[in-house]
Amino acid sequence: MKLLSGAIAAVDHGGSLGRASALFPHAPKPFVDLSTGINPHSYPLFDLPATALSRLPEAGQLLELAEIAALAYGAPSAAHVAAAPGTQILLPRVAALVRPGKALVLGPTYAEHARAAAIAGHAVAEVGDFEALAEADLAVLVNPNNPDGRVIEKAHLLDLAARLRAKGGLLVVDEAFMDVGPVEHSLAGDVGAGGVVVLRSFGKFFGLAGVRLGFALADRLTAERLDAQLGPWAVAGPALEYGIRALSDTAWQADMRQRLVQDALRLDALLGRYDVPVAGGTSLFRYLSFAEASILFSALGESGVLVRHFGDRPQVLRIGLPGSEAEWQRLEGALAGWVARREDAPKEIGQ
């Protein structure tokens, strides 16, 4: 068990081009940003009605979004859906649904869950054993996991939820990447019994992170409680428009899932050609775990290709999908340059 006494401190995340420029000031620009795990093929942009910006959002639109989200994610009904300006803002509110106690986060994973639990007053620890979560008042896991893609089977999750519910605890399952995961292991359809909150992110799969839209799926009373905390007009007009249209567009979603699988396989093949082992991931990102990971991170960064590194785990990286042929070529060139320098290194030492 890893105690996280400093969990309230701000967390360093991928996707900051400002930090990348400071770290690699001489890298060619623009950066190829593969550090986020966000779909590089975003849902098509469309002209928003002027009222999306000039008027406050209508309650009827929010209800329509909740109904569509419930259908898209498999929640029992719209009454089990709380919509928010991104799941990030939901994390401390969800963590506060149970009185302060012991929060256990199945890790390593997305660091904001531990920080949110600490903000809510919990004593937070990270555990590597799924069974240990049963000891928590608040248990948190990401399914599929970020960054390694680990999946916990639904039967195990339901058993854990029942054990926590019996003692007044709460299971939080972050399904941010379930859009490209094995949906048979989603708990979205099981939130009605209580004791479970499922988080779903809109921006990752639809490639529209800047829209800031996310959902908490929960029993009716919990969804109402979260809605009340967020208050009126929590979801902006443009986010409502994009959420309603994109979540309804099942044809685009099906085509995109196939495209992402093909892109992920292409990435596997490219990494394999340069002897970079793939240890896990989803079709939105790949997880790398090997001794030279930190060296590869620096080599790619100096070539203008940004991937996600982890300060406490220098042997692992997460790499997202290139979004264009030009980005694929830059990634391949950066990998080729890294291999060439590695092969030349012994000769340089001997001179």
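**Figure 1. Overview of the predicted model and its helices and strands.** Helices (H or I, at least four residues) and strands (E, at least two) are DSSP runs that are numbered from the N terminus. By this assignment the protein has twelve helices and 14 strands. Its radius of gyration, 21 Å, is close to the 20 Å that the globule rule gives for 351 residues, so the protein is as compact as a globular protein of that length; the radius is taken over C-alpha atoms, and the rule is 2.2 Å times the number of residues to the power 0.38. The C-alpha trace spans about 70 × 50 × 35 Å along its principal axes. Because this is a predicted model, local features need pLDDT of at least 70 and side-chain atom pairs count only at pLDDT 80 or more, while totals for chains, interfaces and linings use all residues. Residues are numbered from 1 along each chain as its sequence is written, and side-chain values use heavy atoms, with hydrogens and water left out.

Figure 2. A27 belongs to the loop between α1 (17-23) and β2 (32-33). With a relative accessibility of 6%, A27 counts as buried (buried means under 20% relative accessible area, exposed over 50%, and partly exposed in between, for a 1.4 Å probe and protein chains only). Although A27 and S303 are 276 residues apart along the chain, their C-alpha atoms are separated by 5.5 Å. When its neighbours within four places in sequence are left aside, A27 is in contact (heavy atoms within 4.5 Å) with G301, E302 and G304. For the protein as a whole, 73% of the contacts between residues at least 6 apart in sequence join residues at least 24 apart, and 50% of the 351 residues count as buried.

**Figure 3. Helix α5 and the elements that cover it.** Of the eight residues of α5 (112-119), six are buried, and the helix is mostly covered. The buried residues are E112, H113, A114, A116, A117 and A118. What covers them includes the helix α4 and the strands β4 (102-106), β5 (123-127), β6, β7 (170-174) and β8 (196-201). Just after α5, G121 takes a positive phi of about 100 degrees.

Figure 4. Rolling a probe the size of a water molecule over the atoms shows where empty space is left. On a 1 Å grid over the protein atoms alone, a cavity is a set of points where a 1.4 Å probe fits but cannot get out, and a pocket is an open set with protein on both sides within 12 Å along at least five of seven lines; lining residues have an atom within 4 Å of a point. Grid points are joined across faces, edges and corners, and a volume is the space filled by probe spheres set on the points. The structure holds one cavity of 30 Å³ or more, and the volume of the largest cavity is about 70 Å³. Its lining is made of L91, V94, A95, H113, A116, A117, L138, V140, V172 and L199, and the elements that give two or more residues to it are α4 (91-95), α5 (112-119) and β6 (138-142). By class, the lining has nine nonpolar residues, one polar residue and no charged residue (Ala, Val, Leu, Ile, Met, Phe, Trp, Tyr, Cys and Pro count as nonpolar, Asp, Glu, Lys and Arg as charged, and the others, Gly among them, as polar).

**Figure 5. The second largest pocket.** This pocket holds about 340 Å³ of space. It is lined by 20 residues, of which A59, L62, L63, A83 and D227 are the closest to its centre. Two or more lining residues come from each of α3 (59-73), β3 (81-84) and α8 (220-230), and the largest share, four residues, comes from α3. The lining divides into 16 nonpolar, one polar and three charged residues.

Figure 6. Most residues other than glycine have a negative phi, and most peptide bonds are trans. In the loop between β6 and α6 (154-166), which holds P144 and also P147, a cis peptide bond joins N143 and P144, with omega about -5 degrees, and a cis peptide bond joins N146 and P147, with omega about 25 degrees. R212, in the loop between α7 (203-206) and β9 (214-217), has a positive phi near 60 degrees, and at 39% relative accessibility R212 counts as partly exposed. D275, in the loop between α10 (250-273) and β10 (278-282), likewise has a positive phi, near 60 degrees, and D275 is exposed, with a relative accessible area of 59%.
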